[in-house]
Structure formats: C-alpha cells, structure tokens
Amino acid sequence: MVDITHKISTLRVATATAIVKVSKQETIDAIVNNLVPKGNVFEMAKTAGLFAVKNTHLSIPDCHPLPIEFTSVEYQIEGLEIHIVFNVKTVYKTGVEVEAMHGASIVALTMYDMLKPIDKEIEISTIKLINKEGGKSSFKNKFPTAIKAAVFVCSDSIFAGDKEDRSGKTIVEKLESYGVETAHYEIIPDELEIIQEKTKAFAKEHQLVIFTGGTGLSPRDVTPEALEPILESRIPGIEEAIRSYGQQRMPYAMLSRSVAGTLGNSLVLALPGSTNGVKESMDAVFPHVMHVFHILKGKNHDSL
C-alpha cells in the first residue's frame, strides 16, 4: 500500500452514486409499497452498504483500513431508475472516495439480488464519484507570483566544515515540491546576533525565512532566543502542530523548541536541525501553512 504515514489527518468527505434500473413499473411499486418477497429493499440494501463501507480495505487491496465516522444512504426514484446517493465522512490521512463508491455498488448489488425474483431485466449502471473534499485539492493556495524563501542552516560544526549539511538541503527540496523558490541558502554559526541580523535583512524581500538548527537545549542552541524578541507576532498553532506531529512519530520531539512567527509580511520558522526532524516539521505544516500569506494581505479564510 502507499505510505501515508507522513500525511496529516483532515476531514475527508466523499459522495458516490449508482443507478439501478428496473424493467417495469410494477417493480417500483413493489419496492415503494414494501411488497418484495425478500423484504424491505431500501432498508436491507442500506444495511449492506453500511457493512460494506467499513470493510472496503478487505475487498480492495490498496485501500487503507480507516475509521468511517459517518455514512448516509439516500434514494431517488426517477421513472424506472433508482438513484443511490452514498455519503461518507472521516477524519483521517487519506480520502474515502473508494469507500463511497464501494458502498454505493454494494447497495446496488443488494437491490439487484432482492429484486431478481420479480424482475429479470434489472441493470446496474453509472457507479461514480460525484464529490470529494478534504484532500490537497481542497486546500490549494494560489499566488500571483512565486513565493520566495531564504533558508539558513544554524550550526557551528557545519559552518566550520566539519560536517555536511543535510537538513537545509531537505528544506530546499521540500520547498521546491510546493512551488516555493529558494532564493537564498546559507550556513551560519550559532550566534544570536547573526541570526537576528539575517532575519531582519531577509524578511524584507522574502516571504519565508526558515532556520534549521539551534532549537535544542544545548548552550549553543540559541535560535529561539534570537528570534523571539524580534518577531512581531508569534503563531503558537504552527509550533504546536509541528511538535504534535513529531511526537506521534518520535518520543523526543517534545524537546524541540521550534518557533513560528511573522516579521512584516514574512513568515519566520525555526525548525529542528536533524534531517528527520526537519522533514517531519515540513510535512506537518506544509503546504497549508502558506495560507498565512493570504491572511497577511487582509483576506479572510472564507473568501479564499
């Protein structure tokens, strides 16, 4: 199966439909008046769909087991056609499109099975997805010009040439995948004054200023101390999201002192110095965090 361990959980919604077409009005009348010998068609088919949607992963090999937190089945009769509308919701890392289509198809098959003794010419058609929400397509941020970023690696040992940088390059690669241009990349020592100078200088021309390193608890880890006095607005939600995401994957993440805030129209982030730590931090908040640039321009969430 596809690895989804790096994804964050969001509200996922999907609606699918299927059509059952009978050959005569008498079949429709029997369904509506509950005269089908095998029982109540609508209720039995609905029950089958509810069981099916919760077990989609047992039938479709690449589907992940996931919590189904809401399901509804609706019927619309149009002539000799019964339109099945199947809705599914969950809060999880992956969507429920296949679950919705699986549920709709099982509802249709159950109706077919119950009606075949009284109608030999039933057809099932048009099993399709009609709506999905909650994935990447629901949270796209579009900008008229490319977002520019400055990336700084805070490390005495890397600055001295004793070690090779990996975390900074990871940030650059991640930003590129989100359509962000890294206009400046630099390795600097763990010096409070230098960190402050770089932040003030590059926040004027770059929407993103990202530091990696110096967020731990050693005497030379001073990135938070450098940034906190000069940031105009702290954004605790970003910091909490990073630590919560990391803690679910690594028990030491709670010891990191990641920082997020604004300086002018720039978002400033201080991320861990380890390669895994910085990768997980980026996965935790990107690309959704770039929504901040709309907010900084005075737009609200609903207008985007």
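Visitor: At what angle does helix 2 run to strand 2?
Guide: Helix 2 lies across strand 2 and strand 3, where helices (H or I, at least four residues) and strands (E, at least two) are DSSP runs numbered from the N terminus. Axes are lines fitted to C-alpha atoms, for helices over the stretch in contact (heavy atoms within 4.5 Å), and angles run from 0 to 180 degrees between N-to-C directions. On that scale, helix 2 runs to strand 2 at about 145°.

Visitor: What kind of model is this, and at what pLDDT do side-chain atom pairs count?
Guide: Residues are numbered from 1 along each chain as its sequence is written, and side-chain values use heavy atoms, with hydrogens and water left out. The model is predicted, so totals for chains, interfaces and linings use all residues, whereas local features need pLDDT of at least 70 and side-chain atom pairs count only at pLDDT 80 or more.

Visitor: How far apart are the axes of helix 2 and helix 4?
Guide: Two packed helices are described by the angle between their axes and the distance between the axes. Helix 2 (residues 41-53) packs against helix 4 (residues 97-115) at an angle of about 145°, and helix 2 passes helix 4 in a right-handed crossing, that is, with the near helix turned clockwise from the far one by less than a right angle. The axes of these two helices are apart by 8 Å.

Visitor: How many nonpolar residues does the contact of helix 2 with helix 4 have?
Guide: The contact is made by residues including F42, M44 and A48 of helix 2, and I106, V107 and M111 of helix 4. Ala, Val, Leu, Ile, Met, Phe, Trp, Tyr, Cys and Pro count as nonpolar, Asp, Glu, Lys and Arg as charged, and the others, Gly among them, as polar. Beside 4 polar and 1 charged residues, the number of nonpolar residues in this contact is 12.

Visitor: In the open sheet of 4 strands, which are the edge strands?
Guide: This sheet has the order 2-3-1-4 with antiparallel pairing, and two strands pair if DSSP finds at least two bridges between them. The strands that pair on one side only, and so stand at the edges, are strand 2 (70-78) and strand 4.

Visitor: Which residue in strand 3 is the bridge partner of A14?
Guide: Strand 1 (residues 10-21) and strand 3 (residues 81-92) pair in the antiparallel sense, and their pairing extends over 12 bridges. Within strand 3, the bridge partner of A14 is V88.

Visitor: Is T126 buried, partly exposed or exposed?
Guide: T126 lies in strand 4 (residues 123-133), and T126 has a positive phi of about 50° although it is not a glycine. Most residues other than glycine have a negative phi, and most peptide bonds are trans. Buried means under 20% relative accessible area and exposed over 50%, with partly exposed in between (1.4 Å probe, protein chains only). Because its relative accessibility is 40%, T126 counts as partly exposed.

Visitor: What distance separates the centres of domain 1 and domain 2?
Guide: An automatic or database domain assignment gives the bounds, and the protein chain is divided into domain 1 (10-138) and domain 2 (148-299). Taken over C-alpha atoms, the centres of the two domains are separated by 47 Å.

Visitor: Why is one side of strand 6 and of strand 8 left without a neighbour, and where do these strands stand?
Guide: An open sheet is formed by 6 strands in the order 6-5-7-10-9-8, and its pairing is mixed. Strand 6 and strand 8 (233-234) each have a single partner strand, so one side of each lacks a neighbour, because both strands stand at the edges.

Visitor: Which residue in strand 7 stands opposite A150?
Guide: Strand 5 (residues 148-154) is mostly covered, with 6 of its 7 residues buried. Strand 5 pairs in the parallel sense with strand 6 (residues 181-188) over 7 bridges, and strand 5 also pairs in the parallel sense with strand 7 (residues 208-212) over 5 bridges. In strand 7, the residue opposite A150 is V209.

Visitor: Is F211 buried or exposed?
Guide: F211 lies in strand 7, and, leaving aside its neighbours within four places in sequence, F211 is in contact with residues including F152, I195 and L227. Because its relative accessibility is 0%, F211 counts as buried.

Visitor: Which form does the peptide bond from F286 to P287 take, cis or trans?
Guide: P287 has its place in the loop between helix 10 (275-285) and helix 11 (292-296). With omega near 0°, the peptide bond from F286 to P287 is cis.
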